[in-house]
Structures are given as C-alpha cells and as structure tokens.
Amino acid sequence: MTLVAILSGAGISTDSGIPDYRGPNGLWRRDPEAEKLVTYDYYMADPAIRRRSWLMRRDSTTWRAEPNPAHRAVAELDRQSGFAVRVITQNVDGLHQLAGMPDRKVLELHGTARTVVCTRCHVRSSMEDALVRVEAGEEDPPCLACGGILKSATVMFGQRLDPTVLAEAMAIAKACEVFIAVGTSLQVQPAASLAGIAAEHAARLVIVNAEPTPYDELADEIVREPIGEALPALLKRLIPGPAGD
Ligand code: ZN
C-alpha cells in the first residue's frame, strides 16, 4: 500500500487562529519572558512561572480553534484514497485529530497541549479538568495522585523529544513514497531532517510553505500558495479517481 507521510508545522494551523509560538520566528522566541513559561528548568524551579503558565493555558486560543480545510483535506485523504496516511506534526493543538484523523495515525513530535502530565509520577490526565481547577482558584494545581508538579504534555524547551515517537517518525520518512511538508520552515531539528531522510530514500518530496526552506532544492514540487487552498487541491490530485481515471 502506498505510504503518504505528511509533516505539518505551525503554518497549517494559522488559518485556525493559532499563531506560531515555537518556530524560529515564533512568539516565544521573540519574547524571553514568554519563553521562560515554556522552558522546563524555569518552569520546575519557579512557582510564579507556573502560575503564569496556567493562566496562559487557560487563555489559549487553542480551545476555541476549529480544524480548517487543510486539516480536513488530510483526514479526507486518509478516508478516501486507499493510501496509508501518516501525519507527523510539530503542532500540539490536536486539530488533525479533531478533523477526523485517527489518533494512532498522528505522531505528535512536540506532544499535546490537550493533556497534562505529572513531572513526578508521570500520570496523564485531561487539560480540560486541570483548567477547571485553575478556574476554581487553584493557581498551580498539583497532581491528584502524588502531589507532584503538573505540566502540559508538550515538549518544553530544554526537554528532549520522545525517542519512541521520533524513531517511528524516522521509520515513516524512510518507508514512505510521498512526503509532504506543510506549513513548516524546516529549520527545527530533528523534525526538519525527516524531509531529507525521505528524499534520500527516494520519496517524492513536496514542500508547501510560504517561505523558502533549507530543503527546497531536494523537493520535487514546491507550493507557495496559501495552505488552506493549496493543500486541499494538492491532496485531491493524489486521490485516485474512478476506474480508468
Ligand atoms: Zn503525580
């Protein structure tokens, strides 16, 4: 079965109202105070940072965001093409799944903002429940199981990517026939190197991004048009038509 890999970055979610936070030119990188809120050592060391982090999570635009046509086109490719489709995403917003991609087909390189994890006992629970506690007055809600410090289940600055998730992403990059990088500047490693690995292993490399990327010269096709229109059109071309088409 043809394996199609889609690597998505912040650019796929901007149409859903979620700004680029963690990219090289993202909001966090431009504001050292904001960056502390998502840097592991600061977060663990300073209760004031954690209180501000919880307020930032409470006020996040992610909770109101809806999948846009690009997310929906990916889910449709999965349902209608007969291809094996795998999403590797740098985003933590969960919008691919909300658009209908099955959880098991989405690799979240940077984790998810929709779950919280205890830094001591590693138990996971829902962000929604944690935010209810914040709303009710707990400024830095501790783990209900062990009293440890809770954080969102995202990879903070200073934390390493989950090696299992990364290994799976590498395997997909090596095995896929088509690799589509969408809305990512391909400047953050190791995610970016997946595009190079795919090209080395003879995948057709397609890059959909407004700005040039370091991998453009390896690409078979480059699309600069807005993602919300360009990606659905591109994926529609991939879906085999009725017999004889
Ligand atoms: Zn715990």
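**Close-up views of a predicted model**

**Figure 1. Leu-186 in its loop.** Leu-186 is found in the loop between β7 and α9. The coordinates shown here and in the other views belong to a predicted model. Although Leu-186 is not a glycine, its phi is positive, at about 50°. Most residues other than glycine have a negative phi. With a relative accessibility of 2%, Leu-186 counts as buried, the cut-off for that class being under 20% relative accessible area. Leaving aside residues up to four places away in sequence, Leu-186 touches Leu-7, Ala-181, Ala-192, Ala-195, Ile-207, Thr-213, Pro-214 and Tyr-215.

Figure 2. Gln-189 and Pro-190 are joined by a cis peptide bond, with omega about 0°. Most peptide bonds are trans. Pro-190 lies in the loop between β7 and α9, and Leu-186 is also found in the loop between these two elements.

**Figure 3. The largest nonpolar core.** This core has 29 residues. Ile-88, Leu-109, Phe-179, Leu-186 and Leu-194 are the residues with the most contacts inside it. Two or more residues each are given to this core by β1, β2 (84–89), α8 (163–175), β7, α9 (193–200) and β8. The largest share, five residues, comes from α8. Another core, of 25 residues, lies apart from this one and includes Ala-75, Val-182, Leu-234 and Leu-235.

Figure 4. Helix α10 covers residues 227–238. At 1.5 Å a residue, its 12 residues should span 16 Å, and the end C-alpha atoms are 16 Å apart, which agrees. The buried residues of α10 are Ile-227, Gly-228, Ala-230, Leu-231, Pro-232, Leu-234 and Leu-235. An α-helix has 3.6 residues a turn, so residues three or four places apart point the same way. The buried residues of α10 pack against the strands β1 (3–8), β7 (178–182), β8 (204–208) and β9 (221–223), and against helix α5 (69–80). Leu-234 and Leu-235 are among the residues of the 25-residue core.

**Figure 5. The three-stranded sheet.** The strands of this open sheet follow the order β5-β4-β6, and their pairing is antiparallel. Strands β5 (124–126) and β6 (150–154) stand at the edges with a single partner strand each, so one side of each has no neighbour in the sheet. From one strand to the next, the twist averages 45°. Strand β4 (residues 111–118) pairs with β5 in the antiparallel sense over three bridges. Val-116 stands opposite Ser-125 in β5.

**Figure 6. His-122 between two strands.** His-122 is found in the loop between β4 and β5. Its phi is positive, at about 65°, although His-122 is not a glycine. Is this residue buried or exposed? His-122 is exposed, its relative accessible area being 56%, and the cut-off for that class is over 50%. Leu-186, which also has a positive phi, counts as buried.

Figure 7. Domain 1 consists of the segments 1–18, 67–110 and 160–245, and domain 2 of 20–64 and 112–154. Taken over C-alpha atoms, the centres of domain 1 and domain 2 are separated by 27 Å. Across the contact, 14 residues of domain 1 meet 11 residues of domain 2.

Terms used:
Residues are numbered from 1 along each chain as its sequence is written. This is a predicted model: local features need pLDDT of at least 70, side-chain atom pairs count only at pLDDT 80 or more; totals for chains, interfaces and linings use all residues. Side-chain values use heavy atoms; hydrogens and water are left out. Helices (H or I, at least four residues) and strands (E, at least two) are DSSP runs, numbered from the N terminus. The expected span of a helix is 1.5 Å times one less than its number of residues. Buried means under 20% relative accessible area, exposed over 50%, partly exposed in between (1.4 Å probe, protein chains only). Contact means heavy atoms within 4.5 Å. Two strands pair if DSSP finds at least two bridges between them. Axes are lines fitted to C-alpha atoms, for helices over the stretch in contact, and angles run from 0 to 180 degrees between N-to-C directions. A nonpolar core is a set of buried Ala, Val, Leu, Ile, Met, Phe, Trp, Tyr and Cys residues joined through side-chain atoms within 4.5 Å. Domain bounds come from an automatic or database domain assignment.
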